[in-house]
Amino acid sequence: MANKEFDVVVIGGGPGGYVAAIRAAQLGFKAACAESNPYADPKGEPRLGGTCLNVGCIPSKALLHTSHLFEEAGHSFADQGIKVGKPSIDVPTMIGRKAKVVDQLTGGIKGLFKKNKVTMLPGHGSFVAKADGGWKLKVGDEEVLAKQVIVATGSKARHLDGMPVDNKLICDNIGALEIDAVPKKLGLIGSGVIGLEMGSVWRRLGAEVTILEAMDSFLAAADKDVAKEAQKVFTKQGLDIKLGVKVGKVTPAKNGKSVTVEYEDKDGAQKDTFDRLIVSVGRVPNTDGLNADAVGLKIDERGFVEVDDHCKTNLDGVWAVGDVVRGPMLAHKAMEEAVMVAELMAGQAGHCNFDTIPWVIYTSPEIAWVGKTEQQLKEEGTKYSVGKIPFMANGRALGMGDTTGFVKMLACEETDRVLGVHIIGANASELIAEAVVTMEFHGAAEDLARICHAHPTLSEAVHEAALAVDKRPLHF
């Protein structure tokens with residue numbers, strides 16, 4: 001790598017990083033990507049894909065799918081006349097399948113780099129100094145020159161004082177994906193996306209799951225109707241969700257086989273012992289190793305790289321995208337920012353609309369939303385209309401045997417422009433895309449109401465919700 005010069009060097013090979021490198025190369029830049037995560041591929045090089053592909057989005061969805069099939073076999077097949085007997089789970093095989101999915105996708109990025117002529121730079125990337133026409137960087141033990149730099153170093157799990165994460169007994173997202181046997185009792189601190197998804201996986205497989213949430217409200221970021229329905233459904237499924245919890249002392253057993261958590265809730269002092277404990281209390285940006293002070297790169301008090309609306313930092317030719325900057329820590333948000341930055345560097349009109357970034361929780365039922373919640377519109381004083389249709393009125397949902405949830409659409413009372421769509425139900429993660437497209441093009445509820453939807457499909461519930469905004473649903 002000595003004395004190598006590039007038009008663009010991306011520090012970090014996660015969703016934001018590898019997409020930035022690929023798009024930059026497509027636009028004619030000589031691009032490279034530095035990656036140093038601890039997950040080595042079969043050839044010993046750092047894996048591309050970041051948290052998402054290695055220890056986040058992708059492996060968790062693989063486990064969710066397996067556990068969903070297990071629960072279907074044990075509880076739903078009989079209702080449809082399918083007799084299979086009592087299923088059993090081979091956890092090592094499940095974990096092995098998850099690893100194969102990860103291997104395939106991370107290896108696929110290396111193939112995309114080769115296809116697009118992106119240079120892979122194995123090693124930790126950091127700033128050294130300003131150089132003529134660009135920046136001097138250190139990658140591993142070598143130095144490279146870059147005319148422009150994109151920081152895409154991602155995030156890591158937030159750990160709490162007094163809770164020593166060893167990813168065996170006390171786990172963060174990494175250890176939660178490698179549990180090798182179904183725990184009899186599983187504790188989770190935090191009821192966010194990771195907590196709910198991992199809690200769902202192990203609850204389906206037979207664990208007794210308790211979620212300890214500090215906030216007094218459940219899923220506060222979601223629309224209030226969705227949060228209320230989700231709490232009801234998850235509780236019925238068997239998740240023990242405790243709100244307003246203040247966690248105190250956490251004591252691992254001397255034999256390393258259990259951990260005791262002392263906490264306070266509305267009923268006073270409590271104590272519970274778990275076979276495994278998962279700590280899921282958010283994430284923090286990876287900016288410690290950038291050597292930002294040496295070049296004057298601005299980092300805020302929370303550790304995020306400071307950027308403007310176009311992901312420009314305070315330094316000429318230095319950009320930052322993804323979890324390491326403001327905004328939601330979502331892989332698809334990072335990808336959109338990455339494309340925007342690459343196109344802006346090429347003199348094009350890059351674009352990333354934060355108002356139309358979808359959120360998804362891959363539980364069963366799935367939860368997905370885009371835009372404003374009803375409580376946000378009330379706080380803003382925006383006049384709005386509501387269209388809400390339950391899946392129990394949808395023929396496809398009935399045929400599938402899963403009518404849980406609803407579609408809720410919020411539109412401006414004066415212009416009919418769609419302001420938010422909130423879905424809890426089967427395939428919500430896919431259905432939300434129609435709402436994203438509508439909002440991206442400033443569409444109205446009437447636009448969706450006038451579009452023919454295939455019958456029978458779950459998407460008809462979105463259609464009916466649009467009709468319900470104008471109080472003229474046809475099937476409910």
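Which helices each supply at least two residues of the lining of the second largest pocket? In this predicted model, they are α3 (57-76), α6 (193-204), α7 (224-237) and α12 (428-440).

## The second largest pocket

The space in the second largest pocket amounts to about 1100 Å³. Its lining is formed by 35 residues, of which His68, Glu72, Ser364, Pro365 and Asp402 are the closest to the pocket centre. Helix α3 provides the largest share of this lining, namely 9 residues.

By residue class, the lining of the second largest pocket contains 15 polar, 13 charged and 7 nonpolar residues.

## Packing of helices α1 and α9

Two packed helices are described by the angle between their axes and the distance between the axes. For helix α1 (residues 15-26) and helix α9 (residues 331-345), the angle is about 30° and the axes lie 8 Å apart. Because angles under 35 degrees count as roughly parallel, α1 is classed as roughly parallel to α9. The crossing of these two helices, α1 and α9, is right-handed.

## The contact between α1 and α9

On the α1 side, the contact is made by Pro15, Gly16, Tyr18, Val19, Ala20, Arg23 and Ala24. Helix α9 contributes Ala331, Ala334, Met335, Ala338, Val339, Ala342, Glu343 and Met345.

The residues of this contact of α1 with α9 comprise 12 nonpolar, 2 charged and 1 polar. The lining of the second largest pocket, for its part, has 7 nonpolar residues.

Note on methods: Residues numbered from 1 in each chain as written. Predicted model: local features only at pLDDT ≥ 70, side-chain atom pairs only at ≥ 80, totals over all residues. Heavy atoms only, no water. 1 Å grid on protein atoms, 1.4 Å probe; cavity = no way out; pocket = protein on both sides within 12 Å on 5 of 7 lines; lining within 4 Å. Points joined across faces, edges and corners; volume = space filled by probe spheres on them. Helix = DSSP H or I, 4+ residues; strand = E, 2+ residues; numbered from the N terminus. Nonpolar A, V, L, I, M, F, W, Y, C, P; charged D, E, K, R; others polar. Axes fitted to C-alpha atoms, helices over the stretch in contact; angles between N-to-C directions. Parallel < 35°, antiparallel > 145°, perpendicular 65-115°, else oblique. Left-handed = near helix turned anticlockwise from the far one by under 90°. Contact = heavy atoms within 4.5 Å.
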